[in-house]
Amino acid sequence: MPAVSKGDGMRGLAVFISDIRNCKSKEAEVKRINKELANIRSKFKGDKALDGYSKKKYVCKLLFIFLLGHDIDFGHMEAVNLLSSNKYTEKQIGYLFISVLVNSNSDLIRLINNAIKNDLASRNPAFMNLALHCIANVGSREMAEAFAAEVPRILVAGDSMDGVKQSAALCLLRLNRTSPDLVPMGEWTARVVHLLNDQHLGVVTAATSLIITLAQKSPDDFKTSASLAVTRLSRIVTSASIDLQDYTYYFVAAPWLSVKLLRLLQCYPPPEDTALRSRLTECLETILNKAQEPPKSKKVQHSNARNAVLLEAIALIIHHDSEPTLLVRACNQLGQFLQHRETNLRYLALESMCSLASSEFSHEAVKTHMETVIGALKTERDVSVRQRAVDLLYAMCDRSNARQIVAEMLGYLETADYSIREEIVLKVAILAEKYAVDYSWYVDTILNLIRIAGDYVSEEVWYRVIQIVINRDDVQGYAAKTVFEALQAPACHESLVKVGGYILGEFGNLIAGDPRSSPLVQFNLLHSKFHLCSVPTRALLLSAYIKFINLFPEVKATIQDVLRSDSQLRNADVELQQRAVEYLRLSCIASADILATVLEEMPPFPERESSILAKLKKKKGSGKLPENVNGSAELHAEEPAAANKASPPPPTEVLALNPTPPAAAHSLLVDVFSDLSAPTAVAEDHLSRFICKNNGVLYESQLLQVGLKSEFRQNLGRIYVFYGNKTASSFLSFSSWVSSSDVLKTQLNVHAKAVEPVIEGGAQVQQVLNIECVTDFSDVPVLNVQFRPQQEVQKIFKAQHPMETDAAKAKLLGFGVALLEGVDPNPANFVGAGIIHSKSAQVGCLLRLEPNTHAQMYRLTLRTSRDSVSQRLCQLLSEQF
Amino acid sequence: MDGWMDGWMDGWMDGWMGGWVDGLLLTIGITSSFQMQFMLLFSRQGKLRLQKWYVPLSDKEKKKITRELVQTVLARKPKMCSFLEWRDLKIVYKRYASLYFCCAIEDQDNELITLEIIHRYVELLDKYFGSVCELDIIFNFEKAYFILDEFLLGGEAQETSKKNVLKAIEQADLLQENIDYQTRLFAGTVWTL
């Protein structure tokens, strides 16, 4: 037991804790706890009324047991009773129990709220503080409902003690975070801002935290806080540290408050008022200057506090992104930290520099530290620091240094920790693609990635390399040659086999002239890997083989022999067996012309954004992207659009009741990225449900839900198909029809009634299918559905003003949308996003403006969550350019 | 036929459009706010000594987080840096003798100032108990919570002056020790801290 026991020690509690500590085993502990629980239960249930002290002691024991990790299912009532005790110490334990073990039992909440209300009204600061702490700790909705009006009153009341104000400010902050809708702005808001001028620095600190949260919610209401924050900050920064007495922390003046004020200023753009602006700049310069002064203490607390303020100041400088001198000074300061002996500082410098790298003013300055960062990658002993170094290299990468950075990252990958390999792979893949001047370098890089870290190369990465090779004919021959060479390695990764199979299947002919890579050599090379591979890879290789038959008639017989072998034709895997059977038949019966048509070279993929970026974002909350690419904007803007993007421009969804096997077999070859593959798979899965039941959901996507209800009498059947529009806007040109194979047509008559071409948002329409079964059948008819979701409005118009980028940008910004730079692959295009607020709803808006200076035309596309809004915005904006 | 699909599509509209708008908000970066999510104190043996949660989580989630985090932090070597990324959060931790103090903050938060939050809390405990050790926190766990509440509230610093926090705590102790004094004080209207 400790020597000191302050306050009133509860002896029984101390004995109990000692007992628990002396338990030799988990079982013994549980036994002791159960004994105690039984004891407490009997005391609480006993006839004798417990005095306050005993009640407090037992409640405290229960709390201790709970904190050990055991469940507590009683004692809440006794704790609530303690709340209304007049003794501070009993009240305090009661509140602690409630804060830790809050229970959503509504009866209790009412009682608790009642006790809180009494304490808030008591005018006793100690009691008020306990009550406010409890609200802040629990922060439940019920409490917000009860006290959201009362707490602001206490906060700004003239006669509230400083300590109470501090508690009230943070209590309100918590309520605002958990239930912002319940904390209405009112006349108190103006008075809260003036707390920034309060004499008591503790009050200012607490109030600043609150104002930051409120200013994030409604910046306009708290605009004046910015100037007050600058004044306050300036006073702190220029003060001799002793002025602030106990708020000086290891010779640093009010570090917590300074950080908070700097954080508050990050809610706003740089001050417009010149005097204020120069005062702020002075503050920031002073903070930067102080970093160069010799430390006033050797204690780490001193340097930590000083650097905490410094780094927050740098964050503000980066946020403003408007003062080139400050940005470059910040960069130099961080550059010093990169070589600091404190690991923490090196970590933070790497982190902070990442954001500096994306500013046009400091990008070049950051690049000068490249060698140091590369050094960090090699010498840092802590994986989290190395991770930061990778992030920074990624952020500082541009065309000028891409080759070196990619090479260093590849080198690091050989020894990198498993935990960060996948991320490095994604980053290398993105950089290699983004800054590829010649695509042979790109192909080499990706193949290196697969060689070094094959297990961490996700599907997206090798999909992407194929996409690029197919779209660029200048690299196809090189790619074929390179994969052919890479495949010579005795042990190569399966991803390489996939890439190799695909590329040789398409472009093997480009290297077939060389006898060392003749068709037969190519085939034998691929086939030597076949048996080591998983089923999906084997399926891909079979497709490559049939492509070979078309490319090289001379190996046809060899390949046919392979396809004909028992291990293929009788393969236990149905997919492989089917491919073998079908490809064999195809090669036997089809004429050379038909073969050439069926197995023609893949058409170029439509240009689209790299799916690797999305993958990286998914992996990491905050992928910092080079060249001002706003990472979060990119992904999130894409997500809602993804469903519509499936097949632009007239987005249609075609789903097959029965995804016919050949289609499935070819899907890998047809489009490795098929966005529709997932929904189809779902539909397939759902189809089997209807074997044993007659109604339910057949298909569902983000846009559309299809339900079935069917009834059958003898050989006749009727199926009601329900199409539900899940969006808020109409589907246009809606049509659905049933198609059957020729054989099936003789076995089954299906007659579908026509449906209305428009489905309103949120509505559903019904289609009746009359069916007659002529004879038994095994094929399944296909239900085709096609429509155009209408949320998007597009207009093409002639430019009425000179087509200047800056002017257009200014107009869009003036219109009120945020511009998302780097989202559109074409840098000349503008992409914007915004929200239109109305009392009843918020309407999210995305817009894209594509100038065509050649034709002096614009194309404007609006997509919002409401059709009428899209229409109107499109109309309004199209007259402005 | 009628009615069999009633309620079929109730609710999904809000969900879908809601998600869409949320995504957009994130895009523009309006809704971020910064705060400490929780603070944990645990021993070298991995025993949890204090837990303070500033965001609502179920008991199950809390236990899971605690287990994972204790494991992660204990596995780190002495000279490593005090910050690590964990899920979407940043963990700031420091070891004092046999105890690890560990805070979870958000991406934008200031790591160094959080490190000093930890240190100030340790100073407060130290001053209050007189060179604090793990046993003090075990046997007087309620005091450790009271001190923390005076110092941090809702995950933010309420009072950073050591003197003021200790004054508040000592005042409370005074109330505990002298019940006569206490009754007299509560009866009156004068209150000075």
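1. Of the 193 residues in chain B, 58% are buried, that is, under 20% relative accessible area with a 1.4 Å probe and protein chains only.

2. Basis of the values. The model is predicted: local features need pLDDT of at least 70, side-chain atom pairs count only at pLDDT 80 or more, and totals for chains, interfaces and linings use all residues. Residues are numbered from 1 along each chain as its sequence is written, chains are lettered from A and ligands numbered from 1 in the order in which they are written, and side-chain values use heavy atoms, leaving out hydrogens and water.

3. Elements of chain B. Chain B contains seven helices and seven strands; these are DSSP runs numbered from the N terminus, helices being H or I with at least four residues and strands E with at least two. Along the sequence the pattern is α-β-β-α-β-β-β-α-α-α-β-β-α-α.

4. The sheet of chain B. Five strands form an open sheet in the order 2-1-5-4-3, with antiparallel pairing; two strands pair if DSSP finds at least two bridges between them. Strand 2 (48-53) and strand 3 (83-86) of chain B each have a single partner strand, so one side of each lacks a neighbour in the sheet. From one strand to the next, the twist averages 20 degrees.

5. Strand 3 and strand 4 (residues 89-96) of chain B pair in the antiparallel sense over four bridges. B:Phe83 has B:Val92 of strand 4 as its bridge partner. Helix 3 (residues 111-129) of chain B packs on the sheet and touches strands 1 (36-43), 2, 3, 4 and 5 (99-105) of chain B.

6. Helix 17 of chain A. Helix 17 (residues 324-337) of chain A has 14 residues and reaches 20 Å from its first C-alpha to its last, close to the 20 Å expected at 1.5 Å a residue; the expected span is 1.5 Å times one less than the number of residues. Its buried residues include A:Leu326, A:Cys331 and A:Phe337. Among the elements that cover the buried residues of helix 17 of chain A are helix 15 (274-292) and helix 18 (343-357) of chain A.

Definitions and conventions: Axes fitted to C-alpha atoms, helices over the stretch in contact; angles between N-to-C directions. Contact = heavy atoms within 4.5 Å. Buried < 20%, exposed > 50% of the residue type's maximum accessible area, 1.4 Å probe, protein only.
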